[in-house]
Amino acid sequence: MQIRLASPADAAAVLAIYAPYCSTPITFELEPPTLADMEQRLRETLISYPWLLAVEGDQVLGYAYGHAFRERAAYRWAVETSVYVAQDAHQKGVGSALYERLLTMLKAQGFVAAMAGATLPNPGSVRLHERFGFQDVGIWKNIGYKCGAWHDVGFFQLELNQPVSTPSEPLGLAAVAGMVSKQAE
């Protein structure tokens, strides 16, 4: 399995992994995005944040990416993470391999906090985040209604870098993009 940076050309493979989750409470998106929408998501994310793919041969097994935690300027040192694994690739280390590389890149970019949310119950996602040192920071109760039921969302936080009194601006993706190919060799 190799980890590589995604591109908008990977939108169909990403969508094939994501679409089945849209019929579950794992994502609160009710309908899968269109191919054009997924291409745009990739394009916009890759301006500032890593979007990584786990690939075996020509098959994409999963993906993980960082994105803005909140839009207000004071949040710019926090990043939210997301990871999705193909239905037939669970329990094969795909999520862990993606998160290891993603978190390393986000740390190198200078982000201070990584945030993640998981619809509960989701023991696999909780275990993955705990394995990487994320701390449970709370639960939003009955925050989303999907699939005929109300769902809670657990939130997790990981300190990537120690906060300092005068932080430098986080680096763009271009500053760390080489970390993907160097580590994949």
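**Packing of the core and its aromatic pairs**

Leu61 is buried, with a relative accessible area of 8%, where buried denotes under 20% relative accessible area, exposed over 50% and partly exposed the range in between (1.4 Å probe, protein chains only). The structure is a predicted model, in which local features require pLDDT of at least 70, side-chain atom pairs count only at pLDDT 80 or more, and totals for chains, interfaces and linings use all residues. Residues are numbered from 1 along each chain as its sequence is written, and side-chain values rest on heavy atoms, with hydrogens and water left out.

Leu61 is placed in strand 3; helices (H or I, at least four residues) and strands (E, at least two) are DSSP runs numbered from the N terminus. With residues up to four places away in sequence not counted, Leu61 touches Met1, Ile17, Ala54, Glu56, Val85, Ala86, Ala89 and Val94, contact being defined by heavy atoms within 4.5 Å. A separation of 29 Å is found between the C-alpha atoms of Leu61 and Pro170, which are 109 residues apart along the chain.

Helix 1 spans residues 11–18, and its buried residues are Ala11, Val14, Leu15, Ile17 and Tyr18. These residues lie on the same side of helix 1, because they cover an arc of only 160° around the axis, the arc being that of the directions from the helix axis to the C-beta atoms. The cover over the buried residues of helix 1 includes helix 2 (35–45), strand 2 (51–56), strand 3 (59–68) and strand 4 (78–85).

Ala6 is located in the loop between strand 1 (2–5) and helix 1. With a relative accessibility of 6%, Ala6 counts as buried. Contacts of Ala6, not counting residues up to four places away in sequence, are made with Leu42, Leu46, Trp51, Leu52 and Leu53. The C-alpha atoms of Ala6 and Glu159 are separated by 25 Å, at 153 residues apart along the chain.

The largest nonpolar core contains 48 residues, of which Trp51 and Tyr63 touch the most other members. Such a core is a set of buried Ala, Val, Leu, Ile, Met, Phe, Trp, Tyr and Cys residues joined through side-chain atoms within 4.5 Å. Helix 3 (residues 94–109) gives the most to this core, contributing seven residues. Beyond four places in sequence, Tyr63 is in contact with Val14, Ile17, Tyr18, Trp51, Leu52, Leu53, Ser82, Val83, Tyr84 and Leu98.

The side chains of Ser82 and His67 are joined by a polar contact of 3.2 Å. A polar contact is a pair of N or O atoms within 3.5 Å; within protein, one atom must be able to donate a hydrogen and the other to accept it, and residues adjacent in sequence count only if both atoms are side-chain atoms. Ser82 touches Tyr63, Ala64, Tyr65, His67 and Tyr99, again not counting residues up to four places away in sequence.

Rings of Phe, Tyr and Trp (its six-membered ring) pair if their centres lie within 6.5 Å, and planes under 30 degrees apart count as stacked, over 60 as edge-to-face and the rest as tilted. Twelve aromatic pairs are counted by this rule. The pair of Phe69 and Tyr75 is edge-to-face, because the ring centres are 5.5 Å apart and the planes are at 75°. Phe69 is buried at a relative accessible area of 18%, whereas Tyr75 is partly exposed at 34% relative accessibility. Tyr99 and Phe132 also form an edge-to-face pair, with ring centres 5.8 Å apart and planes at 80°. This pair ties together parts that are 33 residues apart in sequence, because Tyr99 lies in helix 3 and Phe132 in the loop between helix 4 (123–131) and strand 6 (135–146). Tyr99 is buried, with a relative accessible area of 0%, while Phe132 is partly exposed at 22%. One aromatic cluster is formed by Tyr18, Tyr21, Trp51, Tyr63, Tyr65 and Tyr84.

Thr119 lies in strand 5 (residues 113–120) and is buried, with a relative accessible area of 7%. Its side chain reaches the backbone oxygen of Pro25 at 2.8 Å, and a polar atom of the Thr119 side chain lies 3.4 Å from the backbone oxygen of Ile26. Not counting residues up to four places away in sequence, Thr119 touches Pro25, Ile26, Phe28, His151, Asp152 and Val153.
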